[in-house]
Every structure is written in structure tokens, then in C-alpha cells.
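Good morning, colleagues. I shall take the model on the next slide from its overall make-up down to a single residue.

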Amino acid sequence: MTDDPKTPVLPVDSPAGIDRRSLLRCGAWIGAGVVWSVSGGVPQSLGLLGEAAAATATGPTFIQLSDSHIGFDKPANPDALKTLNEAIGKIEAMQVKPGFMLHTGDITHLSKPQQFDDAAQTIGGTRIQTYYVPGEHDLVDEDSGKAYLDRYGKGTKGAGYYSFDQHGVHFIGLVNVVNLKAGGLGNLGEEQLAWLANDLKGRRTSQPIVVFAHIPLWTVYADWGWGTDDGAQALALLQRFGSVTVLNGHIHQIIQKVEGHITFHTARSTAFPQPVPGTAPSPGPQLVPAEQLRDYLGITSVTVKQGSKMLALTDSPLSQL
Amino acid sequence: MFPFHTLPGRRPARVRIIAAAGFSLALLAAAPARAETVQVTIDNFTFGPKDVTVKPGDTVTWTNRDDIPHNVRAALGAGTWKCAVMDTGGTCDITFKEAGEFKYFCALHPHMTGTVIVKP
């Protein structure tokens, strides 16, 4: 059924995926809005969104926003700022206010000051603390990343990586979009890996870890560059921990995989969808009927259950938030 | 070591000169080899043609026809030339003066690669 039974891939986003052999060898299409409770590395569906929300609303919750691409105005979504605004509106309307937010990169489309400004104003309007890592679209200013670092680089190392603790969970923001090599995938680099090893040194293995970065740290689809060349080295450093959750963006669709104690999860974009791997000639903005666009856009909320290793991940499309 | 020049403006009158030369062998014979402009388009995250062969002094023009930005950067060992990010419809001209084989890629999507082969 698969060449590696330990690494089932569970795309959660698109019915189209059910026909896709390369990624779905051992997978199952689950449908949007299902909540995962991750226990001992094995995800369990808690049921439909309503029930699950009740079941998981016990611990601190944070939000993952991704790929807002402010400035994007092509047919796949003529107004990316509008859909980000909608996502923010839904977050503000949540009954339980999220403790903080993570943005997993591609805040802007072209790293322009106005695009950074618009994003900052919209996201900042929530007054919810937000932690960022850059996507490749955030580093295409003339100074190759200065615009991003001037805004978000305070207290970070290198191209913008850092860690912090919240609610007993150790969060690590990594940058895998700089110094990319011809023909390669995402890249962390030796310096960042050494920093990560040091950051994890002496840490209790019982402490839950959340790693967030733009490009998936695992290889989703190498033909489209959806992976990180030295991601395995980072994962090896995380192997000894009992609960590791890896949150990524970049691919604008939900894909989940579990390997040992590590749960991998990618979030939807708030701007435009991209095709399921292998179903189109290339990645890139996917045009869907306008009335369906909000089914493909969304956010992820993550609940930290106190006294438990489990983190509950809930993906909600903009159309249902 | 790598004397490349990014031309600031749009494609110049050179295109018209080449077109005229096509109708006049005499003109071709009279003039030494003129610098040409070779087009590379970007469609579906692919440089096309992937490999182009030009003469020293020729210019390569990249045009991004995707709905997503791309750029061009010399691969390791192929110099330090590059194109700034090109949004949809954006172009970039680079003139290659010296012979050699120059691999390049898109630094945003590094699985996109190509080669400029410069031969006298």
C-alpha cells in the first residue's frame, strides 16, 4: 500500500486528493472542519466541528495564520487583504479569545512597505500578540530580508529564528526560506541547526514542543519544492521529545502526517488555494469559483490541554468560521 | 570575473534591427555578428527553454508569465548575477559577455533551474 507504512500522509483539504496516488498512498481524505486530538502521536478524530469545539475548549488556544500574501490581486483572489480581514474578524468573534497567534510566513506578496503595513494594521487590530516567521515572499525586497527583519527581527537570530515559552509549551520559530540552493528545497542551514540543538539542550522531554516554519519541514512533494533539505536534521533533534507538533504553511492546503511522537500539519492560506500535489502542471494560485473561494481559505486553531501532552488542532475554512 | 550587466530599460530597438536583417542578407553580411536578445519565458514554474545558447554580447530576457513572482539567480559557481523579483508580466535583461556555462535558478522556488550557455 505504501513504501513507508510509518509515514501515512493524510491530506485533509480537497476531494481531488482522493485520486492522487503519489501523496495518498496510505492516506484518507477526511474533510474540512474535523478536529484532531493528538495522543501519543496518533491522531483521533473528535467528530464534527461543533462537538469537537466543546470537547477541546478546555485549555489555552492559539491561532495559526498563514500565507496572507498581502498585495496579491490576481484572479485567484483579487483582494487578499479583504480575506485576511475576514479571517481576523472571525478570530475576533471567537467566544474564547486566543492567547496569541503564529503567522507562518508569506505575510506579504512582494515584501513592499505598504504590504507589510496593511498586514500589520489588520493583524495588529486584534491586539493579540502575534509571532512571525518569514516566507520567501517576505524577503524579496532589495536588501533581501531587511524589510522583514526591521519589523519582526527584534530578539531573533540569523534570518529571524527564535524560541519562547507559553503555557508550558516550548515554541520554536524556524526560517527555512533563505540561502536556497539551485535544484534544492527549503533550507535551515548549519548555523540555525546548531542554535536549535543548543535551544533544546537540557530541556525536559515531557515538555510539549511546537515548531513553526514556512515551508514544510518534511517532504510533502519534492517535485514542487515542498519540503526542506535539512529538515530531517531538525527532526532528529526533536526525536526524544514526547510531544512535538510541526506547523507549516507555504502549500496553502491542509496536509497532516504523524511519525512517532511528531505531528506534522500544514495550514490553509488566507489568500488563495494551491492545487493538490500532482493534480496540476505546477504549484501556484488555483482559480476556484468565487463562491467557493472561502471553502479553501482558513486558519488553524490549536488548543493546549493542560496536564496532557495532547494538542488539539482545528482547521476552519473562512466559510465556516 | 563575471562581467554581466543588467540593462535598466526595456528591450531596445535591437529587436527591430534583427527583424530587418532577416529581410536583407546584404545587411547581415556587411555587419559583424550583432548582439541578439534571446527570450526565456517562465510558465508553470518552469524556465522555457530550460537551456539557451547565446553568443558573447547577447542578452537574455526573462519574462514571468505566472501568477506568482519569480526571480533569477546564478547558481553556486556561476557568478553573482541575478534578476530582482519579477511579478506577473515582469521582465529582466542580462547581457552575457564571456563564454561559459552559467547555471541559474529561481531563489524563491529553487526547484526551477536553467542554464545559459555562452559560446562564440
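Chain A has eight helices and 14 strands; helices (H or I, at least four residues) and strands (E, at least two) are DSSP runs, numbered from the N terminus. This is a predicted model, in which local features need pLDDT of at least 70, side-chain atom pairs count only at pLDDT 80 or more, and totals for chains, interfaces and linings use all residues. Residues are numbered from 1 along each chain as its sequence is written, while chains are lettered from A and ligands numbered from 1 in the order in which they are written.

On confidence, pLDDT is the predictor's confidence in each residue, from 0 to 100. Chain A averages 85, and 80% of the residues score at least 70. Over residues 1-56 of chain A, however, the pLDDT is below 50, although this stretch has 107 contacts in the model beyond near neighbours in sequence. Two residues are in contact if their C-beta atoms, placed from the backbone, lie within 7 Å.

Of the 321 residues of chain A, 51% count as buried. Here buried denotes 20 or more other C-beta atoms within 10 Å of a residue's own, exposed 12 or fewer, and partly exposed in between, with C-beta atoms placed from the backbone.

Let me turn to a helix pair. The axes of α6 (residues 190-200) and α7 (residues 231-238), both of chain A, come within 10 Å and cross at roughly 10°. Axes are lines fitted to C-alpha atoms, for helices over the stretch in contact, and angles run from 0 to 180 degrees between N-to-C directions. α6(A) is therefore roughly parallel to α7(A), a term for angles under 35 degrees. From α6(A), L193(A), L196(A), A197(A) and L200(A) make the contact, and from α7(A), Q233(A), A234(A) and L237(A).

Next, a hairpin. Strands β7 (residues 162-166) and β8 (residues 169-173) of chain A run antiparallel and are joined by five bridges; strands pair if DSSP finds at least two bridges between them. Q166(A) has V169(A) as its bridge partner in β8(A). Two residues lie between the strands, and H167(A) takes a positive phi near 50°.

Finally, chain B. Is F102(B) buried or exposed? F102(B) is buried, with 21 other C-beta atoms within 10 Å. This residue lies in strand β9 (residues 100-105) of chain B. Leaving aside residues up to four places away in sequence, F102(B) touches A74(B), A78(B), G79(B), T115(B), V116(B) and V118(B).

How values were computed. Parallel < 35°, antiparallel > 145°, perpendicular 65-115°, else oblique.
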